[in-house]
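Here's a quick tour of some packing in this protein. Have a look at the model first, then read on.

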Amino acid sequence: MDDALTIPLLACAAGAGLAGLFTVTAAGKRISPRAMGWLLAIAPVVGFGILVAQAPSILAGQTLSWSVAWVPSLGLRFSLLLDGLSLLFALLVSGIGVLVLIYSGYYFTPARDEAGSEGATRNTDARFFFYLLLFMTSMLGLVLAGDAITLFVFWEGTSITSFLLVAYKYKDKEARRGAFRALFITGGGGIALLAGLVFAASIAGSTSFAEILRQGDALRASELYPVLFGLIALGAMTKSAQAPAHFWLPGAMSAPAPASAYLHSATMVKAGVYLLARMHPALGGTDLWFWLLSGVGLATMLIGAYVGFKQNDLKALLAYSTVSQLGVLVMLIGQDTEIAFKALVISILAHALYKSALFLVTGIVDHETGTRDLRELGGIWRAMPATFAIATIAALSMAGLPPLFGFLAKETLLATATHPNVPAIVDVIFPAAAVLAGALILAQAGLIIFESFLGKPKSERHPHEAPVPMWLVPAIPAVISLAIGLLPEPEALATLLARAAAASYGAPVKVSLALWTGINIPLALSVIAIGVGTAILALRSRLRPLFTTLSGALSLAPLYDGALKAIDGLAWLATRVQNGKLRLYLAIMFIATGVMMVTIGRLSIPPLPMAEVGQQPALAALRIFLLLVIAVAALASALLKRDLFAILALAASGLSVAMLMILEPAPDIALVQVVVEALTLVVLVLALTRLPREQRERAFEFTFRQSHPGLVRDVLIALGSGAVMFAIVLTALVTRPRESQLTPFYEQNAKPLTSANDIVGAIIVDFSRLRHVRGDRRLRDSRPGHLHVAALCLAQSRRPRRRQDPAGQGHAPLSRHRQPAHFAICAGAGLADLAAHPGAGHRTHVVWPRPAGGWLHRRGDRQPGRGDVVCRIWLRGDQATPDVAATRRLHRRRLAAGHRVSHRRCAGQRDVLLAGGLRQSAGHRLLAARHVPQHGHAVRTGHLPDRHRQRRADARHARPSCRCRSRDRPTDGRNRHPAPARRSDPRRIQSGWPADNSTTRPT
C-alpha cells in the first residue's frame, strides 16, 4: 500500500477544516479574502505536488493502491486507487483548484478594497472557501476511489457540496431554485447508481474496482446486465448533464463565477464521464452500451450546441457549450475503438483548459463591469486588454482553430466519427452531427469575443482592468492550451494521456499530440465545420432570433416540472391515505396482501381434502353444524346493529371454534380458546360501557348508513381478504411437512423434567419460564455485559398528595407512610458480574413496591419450586471489589445506627445502590428487605448483626415509626394523624439541602 495516496485527501480536508474555522470565528472576518485565498491554496498545492511525485510510477505502467478496513463485518474497505485515468482527473481537480482558490480571493474583494482605500470591509465570504474545499475533497476522493462504496460516498458528497455552492447566494430565489434542481436530479441519479454498483459488486463478488474490472465477462453475461448497466448509466448521465436531464446545469449558473469555473469545467460535470470511462472495461463492448451512450451523447451534443447559440448571458452560453462537450465525451465512450478513447482523454484535457479560462474571464467581466449580458456589453477590449487577450486564446481553442489544443481535440473527434469499425449508419450520422455541433460551438466562441469585447459599447459603463493576479489565473490554462499546440510534443503529457486512455479502454492506446497529420478526411470535415460556423457567426443577427423562436419546443424543463407535480400529487395521496382511519388502513393492507399473493407469490389453492366419515357419521355432521354456526355467527357479528348483540355473536363464533377443536381432538388448545374468548367477551363488554354514546353513534353512522358503492366496496374487500387468508391457511396446512422436530423432544422430556402429563401445559408453565438464577450454570457463568434479572417488579410512582396545613401555612405533604415506597437494588447476577468485572459498566436497577418486598422476603426461600417466580439474588462475597465492600459497610453502619437513607445520597454509587440490609451467610450475601422507604423514610430491615439490634430498638422506641399509627397521637378531626415533626440534619444544612429532608434541589 502507498500511504502517499491519502495525503491529497488529507491536505484538502485540512484546508476545509481551516476554512470552516475561519467561517465560525471572528478571525476569519479579519483576514482579507485575498490573503485567505492564498493561504487556503496551500492545501491543493500540497495535493498536486504529491500527485506529480507519483506520476513517474504511473507513467511506467504501475498502479498504486491503498486501503483500510472500513466495515469488517460486511467486508467493506475504504480504498484508493491511482492509475493513469485517476491521475489525469486528480491533477485537473487539484491544479485548477489552486487557481480557483487564488482567483476567489480577488473575486470576493470589493472594488474599493482593491484600490487600497481605507476602511476596508470585513470578509464575509469565508463560507465560500469552506464549501469549495469540501467539494474539492469530495471530488478528489471520487476520482481516487478504489472501491464502489467509497466512490458512492464521495459521489454524494459532490452533490451536497455543489448544492451549497450553487445556493451560496441563498437570498436569491433563482439560486435556491437552481440548487434544488441540481440536487434533485443528481441525487436521484446517485440512488440509481448505488443500486447498480451493488448489483455489479454482488456479481463480481467484491466491491473493489480491481475485482469488478476483472469480472467483466461475468458481468456482461449476467441476466442482470441490462439492469445494472442502466442504473449506473442513469447515475452517470444525470451527473454529467446528459439529455433529457441536461437543463439542471445551465440553471446552476447562479453560483459565483469561481464555483462555475470549477464545477462546470473540470470537476463535477465530468464525474459521470469518469465513472463511465472507469466501468468501460467491465461493462463496455456490448450493443446496449454502444447504442445507449452514443445515442444519448449525440443528442446532448446537438441540443447543447443549438440552445447555447441563442443565449444572451455569458455564463449560460458557456454552460450550454459545456453540455454539448459533455455529450461528445459520452458519445466517445460509447464507441469501442482505440481512437475514440484517444479522443476522449485529449478532449477532457482540452475542455478543462479552455473552459476554466473562459469561466474565469466571465467572472472578471462581471466583476469589473457589473454585468455579463451580451446586450449590455461591447467595446470593453480597450479598458481590459489583458482579459481580452486571454479570452481570445481560450475562445479560439474552444472553436477548434489551429494552433490551439482544442483543434487537436476536434480533429480526433472527427477521426472517431469516420472510423471504419463503427456501423454503417453511424458512419453517416456521426460525421454530420459532429460537423454541425462544431460549427455551432465555433459560433458560440465568436459571440464571446465579438459581442463582449469588440464592437461598440451598448451601455454607459466604465470598465477597468482587473488586478494582475486575477487575470493571471485564467491566463495559465489559456497559455498551456496554446503551448501544447505550438511547442514540440510533450512526451510526459502524451504518456500520461496514453495511460489514461489505456485504463479506460482496457488495452494499450497510442496517443500523439502532433497537430499536423496530413491532408485527410478529418481535416476536410474540420474545414467544413469552420466554414459553416463562420457563416453562422456572420449571420448571427438574423439567426439568433430564429433560434430563440424555435428552441422553445426543444426545452425539456417541463419534464422536471411534471416530475415535481407528480411528487406533489403522490404526497397529497399519501396525506389522504394516512388520515388516521383504521378502516382504511386495514383495507389497504388486505388489498396489498391479496395482490402480492396473487402476482408475486403465485398463490395456488390446493385441492380440498375429502372428509372421512368412517364409523362416526354423527361427529362429521356435528363438525358441519359447527362450521355453519361459526359462519353464521361471524356474519351476524358484522350485520347486527346493536353492539352487545354483535359482541355476543363474535363470542359464539369463537366458542364454536373451541368446540370444533374438542372434536379433533385438541382439548388443551380448546381450553385456551375458551379462556381467550371468555376474557375477550368480558373486556369488550366492559369497554362498551366506557365508550361515549356520541362515538358509538358516529361508528354506527359510518358502518350502516354509507352509500351503496361504499357498501359494495367493503363487501368485495372483505370477501377478497377472506379468500386470500383461506388460501394461505389451507396451503400452509396441506403442504407443510407433517413430521415435527420439536414434538419428540417434548414427548421425551415433558414428564421426566416437569412431572406433567400435559405437553402443552409443560411448555407454557415450565419450558417457557426463566430458569433458576442460582441453579442455571449458563446464567451464572456467562460473560460480563449480559443482563441477568430473575424477576422485575415495577410500581407506578405517584406524586405525594398534599393536604392543608392546620396552621394555615400552605400545603404540606401527607405523612410519610402514605407515600409509595420503592426498593431499588442492583440485580444480583448483574452485580456479581460487576464485582468480578468492574469495567463491564452495568447499571441495572430492580424496583420493588412496598408489599412485594415483604412478600418476596417471606416467600422467596420457603417455597420449593418458586424460585423462578420470586427474586432470589445471589452475590459472591469473594468477588466483591473494594468499592462494593466499602459501600456495604457504609450502609450497614448507617442502617444499624438508625439513620435515614436518601436515594440522592447514593447517587455516586448508582451501580451498587444498596438501600436495604445485607443478609450474610457462609460465602454468599442475599440482598433482601421487607421495607425500604423513599426519599428519607425510616428503614426497617431484618437480620442485622446482634450488636446493632439494641441500638436500633432504642432508636425505634425514641421516635415512632412512620409506618404505624399511634392511638395516642392527636388527629386533625378527620381521623388522620398530622405529619410528624421533621428533624433537621446538620449535614444536610451544611451541604445546601433543605433542613426538612425534602427532595427539592437547592438553587
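## Around Leu-513

Contact here means heavy atoms within 4.5 Å. Keep in mind that this is a predicted model, where local features need pLDDT of at least 70, side-chain atom pairs count only at pLDDT 80 or more, and totals for chains, interfaces and linings use all residues. Residues are numbered from 1 along each chain as its sequence is written, and side-chain values use heavy atoms, with hydrogens and water left out.

## The nonpolar cores

Together with Leu-283, Leu-513 has the most contacts inside the largest nonpolar core, a set of 193 residues. Such a core is made of buried Ala, Val, Leu, Ile, Met, Phe, Trp, Tyr and Cys residues joined through side-chain atoms within 4.5 Å; buried means under 20% relative accessible area (1.4 Å probe, protein chains only). Helix α18 (residues 338–369) gives the most to this core, 19 residues. Helices are DSSP runs of H or I, at least four residues, numbered from the N terminus.

There's also a second, separate core of five residues, with Ala-434, Val-435, Leu-525 and Ala-529 among them.

Thr-267 sits in the loop between α14 (257–263) and α15 (271–283), yet its relative accessible area is 0%, so it counts as buried. Leaving out neighbours within four places in sequence, Thr-267 contacts Val-93, Phe-135, Met-139 and Tyr-262.

Asp-714, in helix α32 (residues 708–735), is buried too, at 17%. Its contacts, not counting residues up to four places away in sequence, are Arg-583 and Gln-706.

Definitions and conventions: Helix = DSSP H or I, 4+ residues; strand = E, 2+ residues; numbered from the N terminus. Buried < 20%, exposed > 50% of the residue type's maximum accessible area, 1.4 Å probe, protein only.
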